[in-house]
Amino acid sequence: MKQLTEKQLIAKMYDDVDVTKEYKDAKAKPKYHVYLWDADADNTETVFEAPAKPTLEQMYKLIGCDRVERVSGYDKSVSNRTFDLWIDEEGKFNNPTKNLRATNAWYRWMQRTGYMNTPGDCITGKAVCYKKI
């Protein structure tokens with residue numbers, strides 16, 4: 001599997017998106033860390049800085065899907081707070097490979113909040129989360 005460089009990921013995110021003056025001004029000052037977690041044997045994590053919060057269109061490109069779903073996660077290496085975790089809504093149909101990192105963050109969030117899920121349920125495919133810096 002080919003690993004994209006940080007520059008290639010940012011170009012992929014902002015390709016074909018209307019770049020307003022705000023985005024152009026913000027390019028010099030990154031405002032968000034974006035985490036892309038792959039569902040592979042190595043649990044590959046790609047972290048890069050972005051000038052603005054990713055839009056839905058950009059999430060589609062990063063995850064490689066047509067519909068995204070927001071779930072909550074908790075991982076101290078990302079944040080000491082609960083964060084939004086964006087996944088492929090049809091991930092179990094499109095990519096049945098378990099994303100261990102995203103699943104663990106989701107389970108930790110459930111443990112902290114008392115939520116429950118179906119036993120054995122997991123997150124599959126790529127997952128994206130971000131935080132403001």
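Buried here means under 20% relative accessible area, exposed means over 50%, and partly exposed is anything in between (1.4 Å probe, protein chains only). This is a predicted model, where local features need pLDDT of at least 70, side-chain atom pairs count only at pLDDT 80 or more, and totals for chains, interfaces and linings use all residues. Residues are numbered from 1 along each chain as its sequence is written, and side-chain values use heavy atoms, with hydrogens and water left out.

**View 1. Aspartate 75 pairs with arginine 108 in a salt bridge (a side-chain nitrogen of Lys or Arg within 4 Å of a carboxyl oxygen of Asp or Glu).** The N to O distance is 3.4 Å. Aspartate 75 sits in the loop between E3 and E4 and arginine 108 in helix H5, so this contact ties together parts 33 residues apart in sequence. (Helices, H or I with at least four residues, and strands, E with at least two, are DSSP runs numbered from the N terminus.) Aspartate 75 is buried at 7% relative accessibility, while arginine 108 is partly exposed at 31%.

**View 2. Arginine 101 meets glutamate 45 in a salt bridge, 3.0 Å from N to O.** Here helix H5 (residues 100–113) supplies the arginine and strand E2 (residues 45–50) the glutamate, 56 residues apart. Arginine 101 is buried, with a relative accessible area of 18%; glutamate 45 is partly exposed at 33%.

**View 3. Glu45, Asp75, Arg101 and Arg108 join up in a salt-bridge network.** The search of the whole structure turns up six salt bridges.

**View 4. Glutamate 90 and arginine 67 form a salt bridge, with their closest N and O atoms 3.2 Å apart.** Glutamate 90 is partly exposed at 30% relative accessibility, and so is arginine 67, at 47%.
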